[in-house]
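Have the sequence and the 3D view open side by side for this one. We will go through the fold step by step, with a few residues to look up along the way.

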Amino acid sequence: MGAHKRPSMSRAGAMPLSVKSALTLAAVGATVLAPGTTNDAEAATISTTALQIAASKAGSPYQWGATGPYRFDCSGLTQYSFKRAGKQLPRTAQDQYNRTPHIPGFSRTRGDLVFFHGRGGVYHVGIYAGNNRIWHAPKTGSVVRLERIWTQSVSYGRVNG
């Protein structure tokens, strides 16, 4: 056929396979993604996995500047958990806040980051566990634990896949 090839046809011969595939995707509600992007389900899987990893570190001692796998500070725990889930985060709570898309509190879901704000900016971060609780590494002398959010001076960020 030379340079004027016809598109391959389905068995019925009614339409090209590429058109049939696109119609099938539309019918089942699938999303076609550009290379290198992820959908909401994949981002949720990364966040859920990170949440599970953080929970698995319950009881690990807090140590300022520690990034795991046995000792953590707050941003070290979030960085470690997301890295193990397949997503890189910056090192500090402030840098994680600066690089994470922010979401309103009513949109928060399990696995989102919770940023605590003070006069100097973001001073703490944890991973939202649901029911107004977070997994975090609180402070010197404590351990990684599940705890209620104790202030309203928080914002939320979602780690996109």
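This is a predicted model: local features need pLDDT of at least 70, side-chain atom pairs count only at pLDDT 80 or more; totals for chains, interfaces and linings use all residues.

Which strands does H3 lie across, and at about what angle does it run to S3? Helix H3 lies across S2, S3 and S4, and its angle to S3 is about 50°.

The stretch to treat separately is residues 1-38, where pLDDT stays under 50. For that stretch the model has 18 contacts beyond four places in sequence.

## The sheet

Let us begin with the strands. Six of them form an open sheet, and its order is S1-S6-S2-S3-S4-S5, with antiparallel pairing.

S2 and S3 pair in the antiparallel sense over six bridges, and the two strands form a hairpin with two residues between them.

## Strand S6 between its two partners

S6 is joined to S2 by four bridges and the two run antiparallel. Within that pairing, phenylalanine 116 has valine 154 as its bridge partner, while leucine 113 stands opposite glycine 157. S6 is also joined to S1 (residues 102-103), by two bridges and in the antiparallel sense. There, isoleucine 103 is partnered with tyrosine 156.

Which way do the residues of S6 point, and are they buried or exposed? Val154 and Tyr156 point one way, Ser155 and Gly157 the other way, and all are buried. In a regular strand the side chains alternate between the two faces of the sheet.

The largest nonpolar core has 25 residues, and Phe82 and Leu113 have the most contacts inside it. Helices H2 (40-56), H3 (74-85) and H4 (93-99) each give two or more residues to this core, as do strands S2 and S3 (121-130). A second, separate core has eight residues, including Ile134, Ile149, Val154 and Tyr156. In soluble globular proteins, nonpolar side chains tend to be buried together.

Leaving aside neighbours within four places in sequence, its contacts include Ile46, Ala50, Leu89, Leu113, Ile127 and Val159. Ser47, Lys87 and Gly111 are also among the residues that Phe82 touches.

## Buried residues in loops

Serine 60 lies in the loop between H2 and H3. Why does serine 60 count as buried? Serine 60 counts as buried because its relative accessibility is 11%. Its side chain reaches the backbone oxygen of lysine 57 at 2.9 Å. Beyond four places in sequence, serine 60 is in contact with Tyr70, Phe72, Ser142, Val143 and Val144.

Threonine 100 sits in the loop between H4 and S1. With a relative accessible area of 7%, threonine 100 is buried. Its contacts beyond four places in sequence are Leu113, Phe115, Gly157, Arg158 and Val159.

## Backbone details to look up

The loop between H2 and H3 also holds proline 69. A cis peptide bond joins glycine 68 to proline 69, with omega at about 5°.

The loop between S3 and S4 has two asparagines to inspect. Asparagine 131 is found there, with a positive phi near 55°. Asparagine 132 is found in that loop too, and its phi is also positive, near 60°. How accessible are they? Asparagine 131 is exposed, with a relative accessible area of 60%, whereas asparagine 132 counts as partly exposed at 26% relative accessibility.

Key. Residues are numbered from 1 along each chain as its sequence is written. Side-chain values use heavy atoms; hydrogens and water are left out. Buried means under 20% relative accessible area, exposed over 50%, partly exposed in between (1.4 Å probe, protein chains only). Two strands pair if DSSP finds at least two bridges between them. A nonpolar core is a set of buried Ala, Val, Leu, Ile, Met, Phe, Trp, Tyr and Cys residues joined through side-chain atoms within 4.5 Å. Contact means heavy atoms within 4.5 Å. Axes are lines fitted to C-alpha atoms, for helices over the stretch in contact, and angles run from 0 to 180 degrees between N-to-C directions. A polar contact is a pair of N or O atoms within 3.5 Å; within protein, one must be able to donate a hydrogen and the other to accept it, and residues adjacent in sequence count only if both atoms are side-chain atoms. pLDDT is the predictor's confidence in each residue, from 0 to 100.
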